[in-house]
Amino acid sequence: MEYKDYYKIMGVARDATEAQIKQAYRKLARKYHPDVSKEKDAEARFKEVGEAYEVLKSPDKRAAYDQLGQGHPGQDFRPPPDWGSGFEFSGAGTSDPAYSDFFESLFGAQGRAGAGNRRGAFHPGRGEDHHAKVLLDLDATLRGGARQLTLRMPEIDADGRLVSKERVLNVQVPKGILPGQHIRLAGQGARPPGEGAPGDLFIEVDFQPHPLYKIEGRDLYLELPVAPWEAALGASMKTPTPTGTVDLKIPAGSHAGSKLRLKGRGIPASPPGDFYVVLQIALPPATDAEAKGAYAAFAAAMPFNPRASLGV
Amino acid sequence: MSSPKDQTLSGAIFEESAVLTVKDLSRMCAVDERHIVEFVEEGVLEVVETAPEWHFTGAALRRTRLALRLERDLELNLAGVALALELIEELQHLRRQLQARP
């Protein structure tokens, strides 16, 4: 098991005051909170910081942790055999209880913030609802269909330790589901202790980036490159859409950024989203003499100052 | 809790049909009913129907869970949660727009 240097994780000195630790936590929590942060490893960092804070904010746990002495991160670690005697841990809940093995071996079930305990009390007799989040391919909502989802679920094992268990489910994705919406699977949540109905499983859906389409709520956007003459003169061209290739007519006098709307061809929710084609002007390269000549003729035929609006 | 791998589970889109009461939200988010009421009073949650009892749209589930996470993890008070939620939503909207723009 890996030794964790909680002081280093929090970026505080080993003799930091409680106020300094709290301040450091708040700063890091804001930086790495998965709902706010755009750092890539935000979730992992946030958990690490939460765990470090859980230990350092409590005088008991901090004293016990300090007693271990200074290990080195990455070093193999076993708690001393008599470790933990004389300390009593009580935790008043902070974060999601996905603590490291290191934490669990030191503080075990009592040390953990009581997430499981505070629940269930609200509606006795019924199992807790579970929540999960998945990233689906856009096709799942465009066409609907079964997808195999791997969910990580916190569970209390036989020894009362909190473990993260993998659960694989085949789920029929409802056609037209939008990012941020939930699939509700009745009875797939936790079973209550004793008799009673199990809770539900709520799966929040988001989508992986699609190579062609950008997703904005229920609408889809496609950037469509067109030649300058197609934009200027109007043209009809083959265009991919989620429901297959269509012939798209672009009007004469179109310009870069012109948006064409294909009503109802976005995500098939109710009401369905729209499909937007955003034009991009692609310039043919002037590599040979003929192409250069064409550009020159172009310039001669059309007195045009693209920077007129800049006053130059 | 465990279900066979080969069985395909079907579920509905929760937000489309759901009409939630304070009690529903309290159960789904494992939080006291009074706390839901506080969220409404602070403008974190919006009630869409008041009689015979308070009703919320299905979207309130996501909002409540987000509000609870912010409150717990960042140690924010209610006013802080309300402000953070508004800013997060604006940020998400802007990021999506940025993504949807050429």
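Ala30(B) counts as buried, with 20 C-beta neighbours inside 10 Å; a residue is called buried if 20 or more other C-beta atoms lie within 10 Å of its own, exposed if 12 or fewer, and partly exposed in between, with C-beta atoms placed from the backbone. The phi of Ala30(B) is near 50 degrees, a positive value in a residue other than glycine. Ala30(B) sits in the loop between α2 and α3 of chain B; helices (H or I, at least four residues) and strands (E, at least two) are DSSP runs, numbered from the N terminus. Glu75(B), also not a glycine, has a positive phi of about 55 degrees and belongs to the loop between α4 and α5 of chain B. Glu75(B) is partly exposed, with 13 other C-beta atoms within 10 Å.

The model is a predicted one, in which local features need pLDDT of at least 70 and side-chain atom pairs count only at pLDDT 80 or more, while totals for chains, interfaces and linings use all residues. Residues are numbered from 1 along each chain as its sequence is written, and chains are lettered from A and ligands numbered from 1 in the order in which they are written.

Chain A holds nine helices and 11 strands, and 25% of its 312 residues count as buried. Two residues are in contact if their C-beta atoms, placed from the backbone, lie within 7 Å. Among the contacts in chain A between residues at least 6 apart in sequence, 55% join residues at least 24 apart.

One sheet brings the two chains together. This open sheet of four strands has the order β1(A)-β5(A)-β4(A)-β2(B), with mixed pairing; strands pair if DSSP finds at least two bridges between them. Its edge strands, each pairing on one side only, are β1 (130-136) of chain A and β2 (12-13) of chain B. Parallel pairing over seven bridges links β1(A) with β5 (residues 201-207) of chain A, and Val134(A) has Val205(A) as its bridge partner in β5(A). Across the chain boundary, β4(A) and β2(B) run antiparallel and are joined by two bridges, with Arg184(A) opposite Ala12(B).

The packing follows next. In soluble globular proteins, nonpolar side chains tend to be buried together. A nonpolar core is a set of buried Ala, Val, Leu, Ile, Met, Phe, Trp, Tyr and Cys residues joined through C-beta atoms within 7 Å. The largest such core has 32 residues, of which Ile183(A) and Leu25(B) touch the most other members. Elements supplying at least two residues each to this core include β3 (162-173) and β4 (182-185) of chain A, as well as α2 (22-28) and α5 (78-100) of chain B. Beyond its neighbours within four places in sequence, Ile183(A) is in contact with residues including Val171(A), Ile203(A) and Val205(A), and with Gly11(B), Ile13(B) and Phe14(B). A second, separate core of 22 residues includes Val49(A) and Tyr99(A).

The contact between the chains takes 40 residues from chain A and 34 residues from chain B. On the side of chain A that touches chain B, β3(A) gives the most, with five residues.

Finally, two cis peptide bonds deserve a look. One joins Ser270(A) and Pro271(A), with omega about 0 degrees, and Pro271(A) lies in the loop between β10 (259-262) and β11 (275-281) of chain A. Another joins Ala51(B) and Pro52(B), again with omega about 0 degrees; Pro52(B) is found in the loop between α3 and β4 (56-57) of chain B.
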